[in-house]
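My notes follow the order in which I looked.

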Amino acid sequence: MAGAGRPDRVLVVDDDPGIRGLLTSALRFAGYEVEVAADIPQALERVRTASPDVIVLDVMLPGGTGFDVVTLLRSKSIGVPVLFLTARDAVEDRVRGLQLGGDDYVVKPFSVVEIGARIEALLRRSRGAAVPADAALVFHDLSVDPQRHEVHRGDRLVALSPTEFKLLHLLITHPGQVLSKAQILEAVWQYDFGGDSVVVERFISNLRRKVDDGHEPLIHTVRGFGYALRHRPGTKQ
């Protein structure tokens with residue numbers, strides 16, 4: 001439940017009335033409150049008035065793109081999880097959406113069952129359900145505080161999204177251990193049906209840019225296996 005007395009609220013943004021209707025029916029049947037928007041102005045107004053818990057956002061919209069919507073939301077520090085829904089399956093489009101602040105994506109044509117599963121995973125992740133409120137975790141000069149949801153690298157405070165925080169928390173609770181992309185997808189995105197490794201690659205890239213910037217790299221790629229948090233003085237990413 002999103003709050004006292006109301007179910008989780010999903011905002012569906014798509015200019016295709018058929019898709020809006022399909023998702024509205026399926027999500028309401030699953031117990032969600034659903035708001036809809038057909039273009040960017042409507043989407044921004046619904047975000048302001050309805051305070052959705054998650055947004056299902058089409059990339060191609062009249063007068064702009066879903067990328068524009070996410071960029072604007074993140075610039076205003078609005079951290080509501082975003083699931084991109086797109087017919088554009090090129091890797092560069094998926095990477096761009098995740099880099100701009102999206103949390104996940106599904107390529108059309110889609111299964112409403114998969115949409116529902118990914119929405120559930122986004123909601124769990126945004127609330128930090130799987131991140132225990134333990135004492136701060138420290139690795140070398142990196143500190144992760146699950147209680148305050150704060151990350152420090154040395155004396156610098158590192159701002160992370162909920163998904164980035166959960167990924168870093170996974171790495172720091174398994175120091176030195178190589179985690180495969182499949183393990184990361186299962187732990188962070190709760191995908192028990194498989195998932196696209198591009199999601200993991202993009203979020204690892206984002207973490208490196210934020211956590212390792214100006215420091216010796218701690219997040220390492222183990223070619224052919226996965227990723228690990230390791231301290232190797234003098235190495236370069």
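I took contact to mean heavy atoms within 4.5 Å, and I kept in mind throughout that this is a predicted model. Leaving out residues up to four places away in sequence, I found that Lys181 touches Ser197, Val200, Glu201, Phe225 and Tyr227. With Glu201 I also noted a polar contact between the two side chains, at 2.6 Å.

I then looked at Gly226, which is 45 residues away along the chain, and found its C-alpha atom 5.9 Å from that of Lys181.

Next I turned to the salt bridges, of which the count comes to 12. I looked up Arg118 and Asp104, whose closest N and O atoms are 3.1 Å apart; because Arg118 lies in helix 5 and Asp104 in strand 7, this pair ties together parts that are 14 residues apart in sequence. Arg118 is buried at 8% relative accessibility, and Asp104 is buried at 1%.

For the salt bridge between Lys210 and Glu164 I noted 2.7 Å between the closest N and O atoms; Lys210 belongs to helix 8 and Glu164 to helix 6, so the pair joins parts that are 46 residues apart in sequence. I recorded Lys210 as partly exposed at 21%, whereas Glu164 is buried at 4%.

Last, I noted that Asp14, Asp58 and Lys108 are linked in a network of salt bridges.

How values were computed: Residues numbered from 1 in each chain as written. Predicted model: local features only at pLDDT ≥ 70, side-chain atom pairs only at ≥ 80, totals over all residues. Heavy atoms only, no water. Polar contact = N/O pair within 3.5 Å; in protein donor to acceptor, adjacent residues only side chain to side chain. Salt bridge = Lys/Arg side-chain N within 4 Å of Asp/Glu carboxyl O. Helix = DSSP H or I, 4+ residues; strand = E, 2+ residues; numbered from the N terminus. Buried < 20%, exposed > 50% of the residue type's maximum accessible area, 1.4 Å probe, protein only.
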